[in-house]
Amino acid sequence: MRKINKTMNNNRRVTPMRNSDIPSPQDPFDRRASKSKPNSRAVSPTGRARPHSDLFATQPIEANIPLPKISNPRTPNNEFISSSNIDLITPLIHSKTCSVTMERMNIQIEKKQKLDVDFDEFFLSLNDTPIWQAVETFITSQIRGTNAIYWQENSTLNSLYCPKYKKIFPHSKSLVGFAFFQRDFVRIPIAKEHPMYDLEIDSQVVSPLSTILMFPLFDFSNSLVAIVEVVRRGSNDDFLNAEEQLLRTFQRKFQAFSKWILEQKVCSFLPQMMTLMTIEQFILDFQKNMRVVFGCSTSEIWERSEKNNTITRYDSIIESIDPNNCGIVNDILSKAQIYNTLNCKYSSSYSEDIDGGFDTVLALPIFDTFAEMSYAFVLRGKRTGIFTVDDETKLRDLSEMLIIGFKNAKSISNPDSQSNVVSSLIKCLPKPHESLTSKEILSQMMTSLQEHTKADRSTFYIVDKPNNEIVSIYCPGIRKAIRMSIGSGHSGLAAETGFTLNTADAYHDTDFNACIDSDTHYETKTLLTVPILDSKGESISVIQLINKNDSRPFSKYDAGAAKIYGTICSCLMENASLKAKYDDLDFHSHQLQSIIDTFDFVKIVNVIKDTIQCEKSDIFIFDEAANLLLPLTNKKEDPININEDFFGKCFQNNQTFFTNYSFMDKRLDGMTNEEKAEYKSFYISTLSIRNGKKYGILRIVNKKGEFTENNINHLKMFTFVITIMIERIISLDLIDKGKIQVDILKYITTKEYGKCIVPAHFQPSPEDIEKITSLNFRTFNCDKHKLYQIVFYAFDVTGIMKAYKITNNKLYRFIHSIESKYMDIPYHNWMKAVDVLQYFLYEFHTAQLNTIFNNIDITAILISALCSFIGNDGTNDKFQILAETPISLLYPRDRILETDQCSTAIQLMRDPLNDILELANEYDNLKIWKLVVKLLLETNIDKPTKLYAQFNDILRKSMCDLNNELHRNLIITFLFKAAIASPYCRDFEIAEEIREKEKEEMIRLGNEEIKRKVEYSSPHNCVDMYSAEKLASERRENVLPSFKYVAKVFADLKPAYLNAKNNFNKWTTVK
């Protein structure tokens, strides 16, 4: 009793029990003693006993728990507690409850131990598992029914990257972006109800109804490493506090151990990169290792000398780059900071030539201030995902050692003594009086080359161009010759391009062909392929060195040695056959010399036929307009369609092709059996020159025996000679007829050439004709082909081509010559001339003018329309006078430009090649030119004309008589003047478009007047003074009468007059 009272009065502290007070388990059970046990149940601050459930809280019960003060301790019967009734107090914890408590505490201890084990396993898994994957696996294993998503922070890209889903989200958007800015635990009961939820972005990784818990991971320096997004499907399944507490524990442990977790492993390749090697070997090793470590497609090293302002790129080819055109590297070196981008095309310094091919780029600049040099490691094209922060850190860590290795490699000039190459080569050459076969020389030299370059294997190929393949003639260990198509594999590609190929990792090279390895069960690792070129720069053989014994890539000195060995080897083997070839070619060259100057193609095909011993030999010439190959030497042969026939496709591809057995050649699967029976064996070559121009083909059919190498060489020579002959003929024709002859042959077929018909290329369809003869045709929207089509149609439909025997090639030249005289100005250009002609076609078609006017009248109108503004430079007579131009001094001051147009037209048609009237009789010629000059002097719609008053007088006195020459000429003039002013009578929308072009030309003239410091020739030439309404009002009286009088004579043309009248009303009433 004293013990209890003392406890309650002594600052409410519990006095620990003595050992003597604790009953022994061996003692018999004493109920009374059990009642006197001290109370071990937790007491709340209010003095009430805490519930039993609180006894099992995660926090341990402390020994010193303060108790409430009890002033008058009483029994339930309101009696004071005394020493006599102390034993009657019932204990708060029974023995059964105590055992349950201990069991639960043991469970808690087991859980904690298991969690510690799980943490240990998590840390151990980081040795062979990416951090993101280990984190996601740990969290999903600890919190059931969830999906963990690791978002790695990438400050360079201002984004968060998910390696699992290969997604990248910006900081400023999505739920993850919200968590990034919160930097704390974020609970979201329903994803889609959160204000930062972005359906387009977040729905890619989480369901809209998911429950989400997000928290940040920090490193030891309190920098953000990642955001972890824990997702539980279903909005009714919230995260428990215990689960959140677990994640907080994980967060603290991650930060505590982050220095070890985030530490980059030392790459195993670094020691090898530090060994001495040539720069070429270093670059190949560097590219291979960067591909493995970073997963990039390609990589390179850039070097800039600050002293010399030079930039060098170290790639598969080491080359100097223009400092002003080195792409994004210029920005990288200038800004002196790491560069990481999802799309380098958005960079202001992006260059397609330098940076094209890959979007993602990671680059690190390095500066050597002492040596005044700067470097950049550039990785391009991440194969999966993006370049991450880990990649940036790893590149920084590697850069110091890599730059040392790079500088060491540059300092080595030649590890192998060049004199060793020479001495080794001399040992292989024939000794005095020693007779060696080509095979023996090849074997000795290849063995020596292998020893010198430390290659495990080597192969020597010869290039068989007629069969488009390369064939091995030296390949120890392989019985059957290796055959590969030119362009296939490293050896075929080297033969095709003439470039040396060197790879440090063959199976990671997309051009490597592993078929031979599969057949021989040999693994190629390093591979050097060197083409051997002849004096013309063409590949004649290929040397391949395989697997350098020291496991390094082959160096440029190995490539140089292979080139020297291969060249000498090829020369020795070629030397034996040169004499025979020379004698044979010398004989045929004398025959050809006598043929070239005669241009006798029949004779040359006969020489070919006798030389090659074939059944047929023919030359076909390409007709560009007809898209056919037409027979030149044997007219009985059918034309060849270049799009369907096999020979035509060879021509299209500029291909030389031959076969000895058509039925057995798989390349001819497209040919029918009948064709193969007709062409049992054949040779075809394209007659072309170096600039790509193709003239035709030479075809040899059914040779007696097989085509030999000598036959192929002879046919190449014949092909060259025939091409030269054709080119000379064309050159002579061009000298006579000019370069336009090339265009004529392009658009007019051989069958059409020289005839009075419209070429098929310019033949309009019925729909085209309907548009061309309509009132509202948009000539200014037509291309060159359509404009020429309109002119050809005009001369054909009016009957003028046949009436004056104007051939299509002559008319084309005439049109082209007129077009060339027009200037590139907005309004008075070649399109305006065709616009005038098109309106006359509308008049001709609508009013059936062919029944009224003769060939002289119509021809004069056609020529006048095409020459209506020929040579016009967009100025006017007043400008010519103010500027005191030469023509203003030469021609009448009131008709300067009109007179100049007449002069230009006359000068043009004085050229016999352009004179479309050369076959017209003298009378017609004179009449046409009189009318042409008269019409050309009436082209200025800004000048009043006396013709309207003259025609009014005629109408007052009598009717208009078209048989009267005066009346007739006036109507022709009005028809022409209406065509000149045709923009005013078309639909208002079209008229507005054309008027804008005229305005542009007037403002252009105004700028020229300002430049020359002369006054404006018209107030409308000034931007501020231009008035469309005033201009329309001024022109109304000069333009409308033409449409009015034409409508009086030809009622069918009244719609044009009404259109013009309505348009002028609209323009003059607009405010």
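A: Let us start with Phe682, which counts as buried at 0% relative accessibility, where buried means under 20% relative accessible area, exposed over 50% and partly exposed in between, with a 1.4 Å probe and protein chains only. This is a predicted model, in which local features need pLDDT of at least 70 and side-chain atom pairs count only at pLDDT 80 or more, while totals for chains, interfaces and linings use all residues. Residues are numbered from 1 along each chain as its sequence is written, and side-chain values use heavy atoms, with hydrogens and water left out.

Q: Which ring does Phe682 pair with, and at what angle between the planes?
A: Across the protein the count comes to 49 aromatic pairs, a pair being two rings of Phe, Tyr or Trp (its six-membered ring) with centres within 6.5 Å, called stacked if the planes are under 30 degrees apart, edge-to-face if over 60 and tilted for the rest. The rings of Phe647 and Phe682 have centres 5.2 Å apart and planes at 80 degrees, so this pair is edge-to-face. The pair links distant parts of the chain, with Phe647 in helix H20 (residues 646-652) and Phe682 in strand S23, 35 residues apart; helices (H or I, at least four residues) and strands (E, at least two) are DSSP runs numbered from the N terminus.

Q: And Phe647, buried or exposed?
A: Phe647 is buried, with a relative accessible area of 3%.

Q: What does strand S23 pair with?
A: Strand S23 (residues 682-688) runs antiparallel to S24 and is joined to it by seven bridges, where two strands pair if DSSP finds at least two bridges between them. Within this pairing, Ser688 stands opposite Lys694 in S24. Strand S19 (residues 614-623) also pairs with S24 in the antiparallel sense, over seven bridges, and there Ser617 has Ile700 of S24 as its bridge partner.

Q: How many residues of S24 are buried?
A: Nine of the ten residues of S24 (residues 694-703) are buried, so the strand is largely enclosed by the rest of the structure.

Q: Changing topic, what does the side chain of Ser349 touch?
A: Its side chain makes a polar contact with the side chain of Asp331 at 3.0 Å; such a contact is a pair of N or O atoms within 3.5 Å, where within protein one must be able to donate a hydrogen and the other to accept it, and residues adjacent in sequence count only if both atoms are side-chain atoms. Leaving aside neighbours within four places in sequence, Ser349 is in contact (heavy atoms within 4.5 Å) with Gly327, Ile328, Asp331 and Asp355.

Q: Where does Ser349 sit?
A: Ser349 lies in the loop between strand S10 (339-341) and helix H12 (352-355), and Ser349 is buried, with a relative accessible area of 18%.

Q: Which charges sit over rings?
A: The charged end of Arg248 sits over the ring of Phe185, 4.1 Å from its centre, and Lys1066 lies over the face of Phe988 at 4.8 Å from the ring centre. The rule asks for NZ of Lys or CZ of Arg within 6 Å of the ring centre and within 35 degrees of the ring normal.

Q: What about the protein as a whole?
A: There are 38 helices and 24 strands in the protein, and buried residues make up 46% of its 1071 residues.
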